[in-house]
Amino acid sequence: MTTREIVENITAFSVDDRTSKLFEGLWPIQADGVTYNSYLIQDEKNVLVDLSSEFKSDVLMDAVAARVELPRIDYVIVNHMEPDHSGALKALTRLAPNVQIICTPDATPMLDSYYSIRSHIREVADGEKISIGKRTLSFHHTPLVHWPETMVTFDEASGTLFSCDIFGGYGALPDRLYDSDLDNLDEYLKQALRYYSNILAKFSPQVSRMIEKLTRLAPRTIAPSHGLIWKKNPQLIVDLYRKWSDYVKGDNEPRATLIYASMYGNTANAMKAVVRGLTSVDVPVDVFNVAETHLSYILPSLWTNRGVVIGSPTYEGNIFPGIRHVLMDAGAKRIFNKKAAFFGSWSWSSGALREIKSMVEPYQWDVTDALEFEGAAKDSVLEQAEKLGAAFGRKLKIGR
Ligand code: FEO
């Protein structure tokens, strides 16, 4: 837990979670952690903005209580009711029985279904303002960024945007709260992109619209509910989110993502030749063995890159199951409009290519190159695989 006053009378409580193995029960976070950032605004009214997950509620409540007596909290702003931010509501309403919950109308039934707290709720309209003393807070609905009920809060006096999920990232670094606390942001930004591709990518059209809406507020500090607070250079995370959300339009990087699986090493041998071909024409490639890499780490590459190379042996007349799993999830995340290539070995029946083509057709993936071979990756096969990599790489350099 890191507690710091980020601007006068606004305190951040950044609750580290390095205990949970999975975020949303799905995405690995044990190696890098995640934070649930909550904020206390002290004016004539005491206002909490977003909370933590339930299992960290004691840590958060103790930290807040060191700054203000909990029964004196007037409002808790629930920008987003997903339980990673609202789980501590039960504890808060017990300790601050008169607290009012400020949220969008769409959040009310959702909050009530989780916590049975309808009587505490005060709904706010898009653009509505509330005076809390010297400060005025405004509320801006951001539907589907990340859930339908989500909004953000803006403090006009300090120019602080409490952005909840948008502009957030994975990663929990002890005593690192601001963008200026890190000499090098590269590793953090990798985690931010992984978070984006895992959590928000599917909603990229909405993210793009909301970026334009929120930048009109001209925030001087961006205070998300996950990851670093952007004080030194908030424009950096805005520009990155704009770029990441624009990938949905198909303006991707001239790089390739190669996903493969191999049962007896033959498709793996061909993979090395395909990589040689791609690199021979100076196309960078990210290689993932789907049996060893969680989808969470593959999605940033798939989201970012123009080309996908799929290496799959035929398994029982069809695609290899691990590859099918990745492709199904790519479709569910709306990773559309790619150039694609295929290679893979078969033993007693081919079939992987046929299934892949029918899977990716609805995603508008254009399978331009394919090499399905029988048995071992002999020299003649490796030669073809290398040529396939080079030919596909040249197409990626040309563009869509
Ligand atoms: Fe961080 Fe969508 O909750």
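**A hairpin, a covered strand and a helix pair**

Strands β1 and β2 form a hairpin with two residues between them, and N9 in the turn has a positive phi of about 70°. This is a predicted model, in which local features need pLDDT of at least 70 and side-chain atom pairs count only at pLDDT 80 or more, while totals for chains, interfaces and linings use all residues. Residues are numbered from 1 along each chain as its sequence is written, and side-chain values use heavy atoms, with hydrogens and water left out.

Strand β1 (residues 2–7) runs antiparallel to β2, joined by five bridges (strands pair if DSSP finds at least two bridges between them; strands are DSSP runs of E, at least two residues, and helices runs of H or I, at least four, numbered from the N terminus). V7 stands opposite I10 in β2. Strand β2 also pairs with β5 (residues 34–42) in the antiparallel sense, over eight bridges, and there A12 has Y39 as its bridge partner.

In a regular strand the side chains alternate between the two faces of the sheet. In β2, I10, A12, S14 and D16 on one side and T11, F13, V15 and D17 on the other are all buried (under 20% relative accessible area; exposed is over 50%, partly exposed in between, with a 1.4 Å probe and protein chains only).

T108 lies in helix α4 (residues 107–115). Its relative accessibility is 4%, so T108 counts as buried. Beyond its neighbours within four places in sequence, T108 is in contact with C103, R118, I121 and E123 (heavy atoms within 4.5 Å).
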